[in-house]
Amino acid sequence: MSFEIALSGINAVNTSLDTISNNIANAGTYGFKSSRANFSSMLAGEQPTGAQVSSLTQAIDIGGGLLSTGRAMDVGIQGRGFFVTRDTAGQYLYTRAGVFSTDKDGYVVDSIGRKAQGFGALANGGVGAMGDLKVPTGQIAAQATDLLSYVGNVSADWTAPAVTPFDHTNPQTFNASSLSVVYDSRGGQHTVAQYFVSSAANQITVHYTCDGADLGTTTTLSFGADGQLTSPTGRVPLALGTPAGAAPLSINVDYTGTTQFAGEATTLQNAANGYASGTLIGVQIADDGSVLAQYSNGQKQSVGTLALATFPAEDKLSPADETSWTVSVGSGNALYFRPGTGTAGKLVTASVEQSNVNMTSELVNLMTAQRNYQANTKVVSAENEMMKTLMQAV
């Protein structure tokens with residue numbers, strides 16, 4: 001019986017060594033979670049029959065350190081959760097290794113080529129149904145300008161120009177000017193100029209040109225004794241004409257926040273929306289999990305949000321190839337969240353999660369396993385010597 005007991009001990013230690021060696025081998029694997037072999041005794045009725053490895057415990061709840069990579073599509077999880085991927089067979093696999101990129105068709109994929117799963121982006125800024133995340137690979141259309149926001153201080157020290165009438169080509173007929181770039185429906189750029197003329201007490205008249213052509217339109221800005229704008233109280237509509245081949249261009253000018261204080265005239269904000277068409281130049285992942293497409297016109301558009309999955313019993317997930325896990329009966333079904341919501345952890349961008357293997361502990365475990373192995377072999381050796389002695393005595 002002692003032979004069988006010692007042999008069971010050797011087999012159990014071999015299984016433990018397999019676990020320890022696998023941990024050590026994956027000490028540099030992104031998103032890897034270490035495991036521990038759990039020993040238990042065996043009995044035949046009340047008779048001891050040795051030891052076995054009854055289970056493996058995965059240290060999924062212990063996070064690995066976050067390594068900063070500076071790469072725009074690397075992302076680590078701080079807290080609970082797994083990235084969700086789908087392979088070519090349609091199977092969902094869950095991983096902590098957040099190394100993503102885009103394939104030739106624009107799909108967001110992990111380092112193995114599996115498609116990342118996330119929530120689609122809606123036009124109203126919300127999140128849609130869960131599925132493959134795909135980045136449009138073509139150009140984005142131009143967006144015509146419809147709002148120009150101007151905030152500044154028109155000096156209370158200004159006096160009415162000595163030369164009249166207003167002529168945008170003659171600086172002596174206005175006190176100050178400001179230029180803004182706007183876009184038509186085809187993405188063509190146009191220059192809108194505002195010319196500020198002190199016209200009466202607490203009043204400034206604004207004249208406009210577009211691409212050097214006088215629009216023949218004026219707006220009167222009125223200010224109170226405290227220097228604050230009193231009118232207009234809303235946005236000022238401004239028709240800019242119809243550029244060649246494009247739709248009629250009309251914008252609204254918002255002067256909210258403009259003041260009339262003594263001293264120098266200043267411009268605090270001069271911003272128009274709209275943009276020209278652009279081509280895709282890059283993709284990045286934001287802290288909230290949004291996958292942002294970057295275009296040559298300076299625009300960023302969210303194409304969706306990475307999903308994180310949590311489980312009622314994460315340590316019961318079944319390990320799979322490529323540092324992944326699959327659902328098991330013991331783990332329960334996946335619950336899907338946006339990063340930082342529900343039970344899901346937060347994301348750290350331009351970083352990856354390192355293995356959580358504690359190399360010092362593994363080396364100590366290795367020495368302990370070696371000692372246990374040697375002790376069991378001593379039992380076998382002693383039993384063998386006793387059998388030889390017995391046989392010689394017969």
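User: What makes the contact between D132 and R86 a salt bridge?

Analyst: In this predicted model, the side chains of D132 and R86 come to 2.6 Å, N to O. The cut-off is 4 Å between a side-chain nitrogen of Lys or Arg and a carboxyl oxygen of Asp or Glu. The 2.6 Å of D132 and R86 falls within that limit, so the pair counts. In general terms, side chains of opposite charge can pair when their charged atoms come close.

User: Why is this pair said to link distant parts of the chain?

Analyst: Look at where the two residues sit: D132 is in strand β10 (residues 127–132), and R86 is in strand β5 (residues 82–86). They are 46 residues apart.

User: What about R96 and E353, what makes them a salt bridge?

Analyst: Same test again: the closest N and O atoms of R96 and E353 are 2.8 Å apart, and the limit is 4 Å. So they pass. R96 lies in the loop between β6 and β7 (100–102), while E353 belongs to strand β29 (residues 351–353), so this pair ties together parts that are 257 residues apart in sequence.

User: Why are R96 and E353 called buried?

Analyst: Set their values against the 20% cut-off. R96 comes out at 4% relative accessibility, so R96 counts as buried. E353 comes out at 1%, so E353 counts as buried too. There's also a network of salt bridges here, linking K33, R96 and E353.

User: How do you know that K316 and D315 form a salt bridge?

Analyst: Their side chains meet at 3.4 Å, N to O, and that is within the 4 Å limit. K316 has 46% relative accessibility, so K316 is partly exposed. D315, with 33%, is partly exposed too. A search of the whole structure finds nine salt bridges.

User: Now the rings. Why is the pair of Y94 and F311 called edge-to-face?

Analyst: A pair of aromatic rings is described by the distance of the centres and the angle of the planes. For Y94 and F311, the centres are 5.0 Å apart and the planes make an angle of 85°. The distance has to be within 6.5 Å for a pair, and the angle has to be over 60 degrees for edge-to-face.

User: Why are β13 and β17 called edge strands?

Analyst: Start with the open sheet of five strands, in the order β13-β14-β15-β16-β17, with antiparallel pairing. β13 (176–183) and β17 (229–231) each have a single partner strand, so one side of each is left without a neighbour in the sheet. From one strand to the next, the twist averages 35°.

User: How do you know that β15 and β16 pair?

Analyst: At least two bridges are needed for two strands to pair. Strand β15 (residues 203–210) and strand β16 (residues 213–223) have seven, in the antiparallel sense, so they qualify. As an example, H207 has T218 in β16 as its bridge partner.

User: What makes N202 stand out, and is N202 buried or partly exposed?

Analyst: N202 has a positive phi of about 60° although it is not a glycine. You'll find N202 in the loop between β14 (189–200) and β15. Its relative accessible area is 38%, which lies between the 20% and 50% cut-offs, so N202 is partly exposed.

Technical notes:
Residues are numbered from 1 along each chain as its sequence is written. This is a predicted model: local features need pLDDT of at least 70, side-chain atom pairs count only at pLDDT 80 or more; totals for chains, interfaces and linings use all residues. Side-chain values use heavy atoms; hydrogens and water are left out. Helices (H or I, at least four residues) and strands (E, at least two) are DSSP runs, numbered from the N terminus. Axes are lines fitted to C-alpha atoms, for helices over the stretch in contact, and angles run from 0 to 180 degrees between N-to-C directions. Buried means under 20% relative accessible area, exposed over 50%, partly exposed in between (1.4 Å probe, protein chains only). Rings of Phe, Tyr and Trp (its six-membered ring) pair if their centres lie within 6.5 Å; planes under 30 degrees apart count as stacked, over 60 as edge-to-face and the rest as tilted.
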